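Please look over the sequence and the model shown below before reading on. The report is meant to be read beside them.

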Amino acid sequence: MNTSRSPIALRTYYFVLILLLYLPIALLFLFSVNSNASLSFPINQLTLDWYRQLFDADAVLRSARNSLIVALGSSLAATVLGTMVSILLLRYKFRGQSILVGLAVLPLIVPYVVLGVALLILFSALQIDRSLWTIGIAHTVVALPYTLLIIASRLAGFDPGIEEAAMDLGADYPTTLRRVVVPMIFPAMVSAWLTAFTVSFDEFALALFLSGTQPTFPVYLFSQLRFANRLPIMIALAVLLMLGTLTLVFIAERFRQREV
Amino acid sequence: MTTTPSRPSDTFPQVHRIWGKAGWGLDRRATFWLICLPPLFWLAAFLVMPVLFMALFSFRPDMRGDLFQSWTPTINQYASIASTGSYWRLLGISSLTALGIGGMAVILAYPLAYFLVFHGGSRTAFYLILLLIPFWTSYLLRIMAWKILLGTEGVINSFLIYVGFIQEPLTALLYNRTAVILTLIYVWIPFAALPILAALQRIDRVLFEAAADLGARPYHQFTRVTLPLSAPGVLAAFFMVFIPTVGEYVTPLLVGGSRGFLYGNIIQDFFTKAANWPLGSALSMIMLAATLVLVLLAARLIDWRQLFE
Amino acid sequence: MQPKRSMLFVAEGLTLALALILSACGAAAPATEVPPGELTGSLTVLDWAGYDVEDFWVDFKNTYPNVSVNFEIGSSDADIYGKMKAGDQADVFHVYTGWLQFYVDEGLVEEIDTSKLSNWDKVPDHFKKIGQLNGKQYFIPWDWGFTSILYRTDKVPEGVNSWAALMDPKFAGHVSMWDDGPGAVTVSSYIHGYDETAITADQLAAVKDEWIAQRDLNLFYWAGEPELVEGMKSGDVWVAYAWQGAYALLLGEGVPVAYANPKEGRNSWVGVYGIRKGTENYDLALKFLDTKLAEATGNNVVNMYYYGHSNQDVMNGITDETLKQAFSVDDPEILNKTNFTPNLTAEQRDAWTAMWAEVKAAP
C-alpha cells in the first residue's frame with residue numbers, strides 16, 4: 001500500500017474524528033479561562049485566576065500525582081502479566097488453557113461497581129487498608145484483558161521457530177524470551193502499556209470504592225462536583241494535564257522526525 | 001514444539017557460559033512455572049476470590065450483623081429478582097444496546113485503524129497517541145462539556161436556530177437513551193481501533209502484491225484479503241466494547257435522563273444508594289451469568305485461537 | 001554504724017517521699033492535659049465529598065495544629081453505611097437524618113460524652129434531639145438545611161405552593177427530582193398525607209406507580225447540586241426538588257428563582273457526626289466534634305456552601321440577605337411548618353430503595 005497517497009476520505013474521516021474528540025476539550029479550555037464560576041456561557045471575562053489558584057490547591061495537585069502513580073504502577077504490572085499470559089497461551093499447550101483465557105478476560109464482564117465492592121469486601125476481610133495499592137491492584141486486574149489481547153495478537157504472528165533456533169544455539173528459555181521474544185513483541189507491549197495506562201488514569205468507578213485517604217484525580221473531581229464553585233480549578237488542572245501530554249507528544253514527534 | 005530442547009551445556013559447552021547464567025539455564029518446562037505463577041496468583045487472589053465473595057454475598061438474607069460472620073444461605077434475593085419483570089427486561093435492553101454499540105463502534109473504528117496502518121506511515125504512532133490523549137483528560141468533564149454543546153441553550157441548538165434550521169431548540173439531543181448510545185459509541189471508537197490496528201499491522205504486505213499480481217482491484221484486495229485477515233482483530237474489538245458496555249452505568253447517569261438507565265445503574269444503586277449488598281450481588285451474578293453465556297456461545301462459534309492466529 | 005543506718009533511713013524516707021510525690025504527679029497527670037498546641041496524634045474522618053476542605057474544620061486545625069487529620073470519602077449515606085459495616089477504621093463519620101438508626105442497631109457508633117463538648121450548649125434542643133436515639137446521645141448535629149421546591153419565577157409566574165408541582169403535567173420535561181428512593185416516598189407522603197413512619201405495602205405500590213408516571217415529566221434525576229444548578233440556570237429545569245444551597249447559589253448568580261413554602265410544609269434534613277465504636281481515638285474524636293460546632297467552622301459552612309449550622313450563634317449572626325431568605329431566618333414559624341426526616345428502619349430502607357430501583361427499571 002502506498003503510504004504517500006492517502007485517500008481524501010480516510011484522511012478527512014480521521015481528522016473529523018479528532019475534531020469531535022477535541023471539541024469538548026477546547027470547550028473546557030475556554031471555560032477554564034472564563035471568570036464565570038459555573039460551566040456555562042456566556043464568556044464573561046478572560047482570566048488566568050483559576051490556574052493561579054490551582055497552584056495553591058495542594059489537594060488537587062496531589063490527586064493528580066496519585067492518579068499518575070497508580071496508572072504507572074498498574075499499567076506496568078498489567079503489561080508484564082499480559083505478556084506472561086500471552087506466552088502461556090501461545091507457546092505452551094496444557095489442559096486448562098481455556099480456563100486461563102476465561103479468567104484473564106473475566107474482568108471485562110464483571111461490572112466495575114461489582115468488582116469494586118467485591119475487592120472492598122476482600123480487603124476488609126483481610127484487614128488491608130484502602131490505599132493507592134488497592135486501587136492499583138484493581139486497575140491491574142481490569143487492564144489485563146486489554147494487554148493480553150494486544151500482546152497476544154502480536155505474538156501470534158511470529159513463528160515459534162525463531163525461538164527454537166535460539167534455543168538450539170544454546171540459549172535457555174528465559175534468555176530466549178528476554179532476547180528474542182520480547183524485542184519482537186515490544187511494539188505491542190508499548191501499545192498495551194499505553195492502553196493500560198489510559199484505562200487506569202481516568203478510572204473512576206473502582207477508585208471510588210477503593211480509595212483510602214488519597215484520592216485519585218477523577219475521585220477528587222467527582223467530590224468537587226458536589227460544590228460548583230470548586231469546579232473551575234479542576235477544569236484548569238484537566239486542561240493543564242492535557243496540554244502537558246500534548247506538548248510531550250509533539251516534542252517526541254519532533255525528535256523522531258529529526259532522527260529520520 | 002514437540003522436541004524438548006537439550007540443555008545448552010550439552011551441545012555447546014562454551015555457549016553455556018555466555019547464555020546459561022543469564023536465564024538460570026532453565027528449559028521451557030521449568031520456565032513454565034516461572035511464567036505461570038504470577039498471573040495465576042494475581043487472578044486467583046484479586047479476581048476469583050472477590051467474585052466468590054460476591055457470589056456468597058448474594059445468598060445473604062440482609063445486611064444485618066457483622067458482615068463476615070457466617071449466615072444461613074437463602075435464595076430470597078434471587079426470588080425477589082425473579083418476581084420483578086422490569087429487571088429482566090432492562091437486562092435484555094442493556095444487552096441489545098451494548099450489542100448495537102459494539103457493532104457501530106467497530107464499524108466506525110475500522111476506517112480509523114485502516115488509515116493509521118496503511119496511510120499513517122512514520123506518523124502512525126503520533127496519530128495514534130493523538131487519538132488517545134483525550135482519554136487522559138477527565139471523562140466526567142468531557143461529558144459535561146458535551147452536555148453544554150448539546151443542551152437546549154448549547155452551541156449546536158444556538159447555531160441551528162441562528163441559521164434558521166429550527167425554531168425551537170431540539171430537546172432530543174440529551175437526556176434519553178439515544179444520547180447514551182451516541183455518547184458510548186463516541187467514547188469507544190478510539191479504543192475499538194486498537195485491536196483492529198494490531199490485526200491490520202500483522203497482515204503481510206506481500207499478500208497485497210500477490211493479490212494485485214493476480215489481477216485483484218483495490219476493492220477486491222480489501223474485501224478478499226484485508227477484511228478477512230483482520231477479522232480476528234475486529235472480533236476482539238467487538239467483544240472489548242460489547243462486554244463492558246452491558247454493565248455501563250456512568251454514561252446513563254450523565255446523559256440518560258430519567259429513561260436512559262441501564263442494568264448497570266440498578267446494580268450500582270443497590271450498592272451506593274440502598275446499601276443492599278446482597279441484592280446488588282445477586283443482580284451482578286445474574287448479569288455475569290448472562291454475559292458468560294453469551295461469551296461461551298461466541299467461543300463455540302469462533303475458535304478463540306483464531307483471534308490470535 | 002549508727003550514721004550509716006540513719007543515712008539509710010533518710011535515704012529510704014527520701015525515696016519513699018519521692019515515690020509518693022511522683023505517683024501523686026502521675027495520678028494528677030490526666031488532670032493537667034497536654035496543651036492543645038502540643039497535642040499530637042492522627043484522626044481519620046469518613047466524610048462526604050467536598051467536606052474535607054480545611055474551612056470545614058478550621059477550628060480544629062487552629063486549636064490542635066499538630067494533629068493530622070485524614071479524610072476518606074464516601075459518596076452517599078448508603079456508601080458510608082456500607083463502608084462502616086465493612087470495617088472501615090475511620091474514627092469519625094458523617095451521615096444524615098434517615099440513616100441513623102442502623103448505626104445504633106448494628107453497634108457501629110459510640111455514645112457521645114456531651115459533657116466534654118464546650119460548644120454543646122450553643123446547639124438548640126431540637127437539634128440535640130436529632131442525634132439522640134434509644135435515649136442516648138449518639139450523634140452531634142452539624143449541618144442542616146431545607147428541602148423544598150425550587151422554581152424559576154419567569155417560567156412559573158403563578159408560583160408553586162404544593163409538593164404536587166413535581167407531578168404536574170404542566171411542567172412536562174422541565175421537572176427534576178433528586179435521585180433518591182426514600183426522598184421520593186417522603187414527597188408522596190406529603191402530597192397524600194401518608195404517615196411517613198408507617199407506609200403500608202399498598203401505599204408503597206401506589207408511590208411506585210406515581211413516580212413511574214412522573215418519569216414522563218422528569219427531565220433528569222439530579223445526584224449533586226451542580227447538576228441541578230446548571231439545569232435551572234439554562235432554563236431546562238423549571239421546577240425541582242432542591243436543598244436551599246442550590247437556591248442561594250442561583251439567587252447569587254441573578255437567576256430568577258424562588259424557594260417554595262408548600263402547604264404541606266417544607267422538609268428539613270440534618271447532617272450529624274458520630275464516633276465509630278471501638279475507636280482508640282475517642283478523646284481526639286470528641287475534640288474534633290467539639291471544634292466542628294465552633295463559630296469559625298460554622299460561619300464557613302453557612303457562607304461558603306449555604307448550608308445551615310447547628311450552632312445557634314452562627315445562625316443568628318447571618319447578615320447576607322440572600323442567605324437570610326434561603327434559611328427563612330426572619331420567619332419564626334418556619335420550624336413549626338417543617339417536617340423533619342424520620343429515621344428509617346432497615347426494612348423500610350430496603351423496601352423504599354427497591355421501589356426506586358423498580359421505578360428506574362420500568363419500561
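Predicted model: local features only at pLDDT ≥ 70, side-chain atom pairs only at ≥ 80, totals over all residues.

## Chain A and its fold

Chain A consists of eleven helices, with zero strands, so that from the N terminus onward its elements read α-α-α-α-α-α-α-α-α-α-α. Of its 260 residues, 61% count as buried, and the accessible surface of the chain comes to about 10,400 Å², with 67% of that area belonging to carbon and sulfur atoms. When the contacts in chain A with a separation of 6 or more are considered, 68% of them are accounted for by residues 24 or more positions apart.

A:Phe29 and A:Leu243 are separated by 214 residues in sequence, yet their C-alpha atoms are 9.7 Å apart in space. With a relative accessibility of 40%, A:Phe29 counts as partly exposed, because that class lies between the limits of under 20% for buried and over 50% for exposed.

## The interface of chain A and chain B

The size of an interface is often given as the accessible area lost when the parts come together. For chain A and chain B this buried area is about 10,000 Å², and 79% of it is on carbon and sulfur atoms. On the side of chain A that touches chain B, helix H1 (residues 8–32) of chain A gives the most, with 16 residues.

In total, the contact takes 109 residues from chain A and 100 residues from chain B.

## A nonpolar patch on chain B

On the surface, B:Phe159, B:Tyr162, B:Val163 and B:Phe165 form a nonpolar patch, and together they have about 550 Å² of accessible area. One of these residues, B:Phe159, is found in helix H8 (residues 155–163) of chain B. B:Phe159 has a relative accessible area of 51% and is therefore exposed, the cut-off for that class being over 50%.

Most residues other than glycine have a negative phi. B:Ala275, however, has a positive phi near 50°, and its place is in the loop between helix H13 (263–272) and helix H14 (277–301) of chain B. At 0% relative accessibility, B:Ala275 counts as buried. C:Asn134 also has a positive phi near 50°, and is found in the loop between strand E4 (132–133) and strand E5 (136–137) of chain C; its relative accessibility of 57% means that C:Asn134 counts as exposed.

A further positive phi, near 60°, belongs to C:Tyr306, the residue that follows helix H11 of chain C. Within that helix (residues 295–305), the buried residues include C:Thr297, C:Gly298, C:Asn300, C:Val301, C:Val302 and C:Tyr305. An α-helix has 3.6 residues a turn, so residues three or four places apart point the same way.

How values were computed: Residues numbered from 1 in each chain as written. Chains lettered and ligands numbered in written order. Heavy atoms only, no water. Patch = residues over 30% accessible without salt bridge, like charges linked within 9 Å, V, L, I, M, F, W, Y side chains within 5 Å. Areas by Shrake-Rupley, 256 points an atom, 1.4 Å probe, with all protein chains shown as cover. Salt bridge = Lys/Arg side-chain N within 4 Å of Asp/Glu carboxyl O. Helix = DSSP H or I, 4+ residues; strand = E, 2+ residues; numbered from the N terminus. Buried < 20%, exposed > 50% of the residue type's maximum accessible area, 1.4 Å probe, protein only. Contact = heavy atoms within 4.5 Å. Buried area = accessible area lost by both parts, 1.4 Å probe.
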